[in-house]
Amino acid sequence: MGIESTKLQITQTPARTTMALISKADMFVGIDSFPWNVAQACKVPSVVTFGCINPKTRILDDKLTIAIQSKDSACLGCHHEYHGPLHESQCMRKRYGHVASAPCMEDISVEQLTSALAVVIKDG
């Protein structure tokens, strides 16, 4: 794309350091997670992939976050179908042995992601 960037992977970084780094970022790209919640709180434009969670239940400002989901998976948002305390966000069909993998995440295309990134870059 001809865009200079710095890719930063945050793994095993203290929470305060993670929060400080994200607050200074021009863009966040990742999954529905603690780092993305920090990006939302800091009003960092974001491209976020969602599978078993309905993004409408998590996005605070849809002008700052572009949600990416599978276009074809019939089980999108399955997390919301199961009652009781759920302490993890994972494919509930996989968890209970109904499928071998999480199709809602695997079906997200590269084109969906690059299109969303182009929008954030253009608007940024």
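Q: What share of the 124 residues in the chain is buried, and what makes a residue buried?
A: Buried residues make up 29% of the 124 residues. A residue is called buried under 20% relative accessible area, exposed over 50% and partly exposed in between (1.4 Å probe, protein chains only). The model is predicted: local features need pLDDT of at least 70 and side-chain atom pairs pLDDT 80 or more, whereas totals for chains, interfaces and linings use all residues. Residues are numbered from 1 along each chain as its sequence is written, and side-chain values use heavy atoms, without hydrogens and water.

Q: Why is Lys43 called exposed?
A: Its relative accessible area is 60%, and the term applies over 50%; Lys43 is therefore exposed.

Q: What makes a set of residues a nonpolar core, and which residues form the largest one?
A: Such a core joins buried Ala, Val, Leu, Ile, Met, Phe, Trp, Tyr and Cys residues through side-chain atoms within 4.5 Å. The largest has ten residues, among them Ile22, Phe28, Trp36 and Val38. Helix H2 (residues 34-41) supplies the largest share, three residues. A second, separate core has six residues, including Ile108 and Leu117.

Technical notes:
Helices (H or I, at least four residues) and strands (E, at least two) are DSSP runs, numbered from the N terminus.
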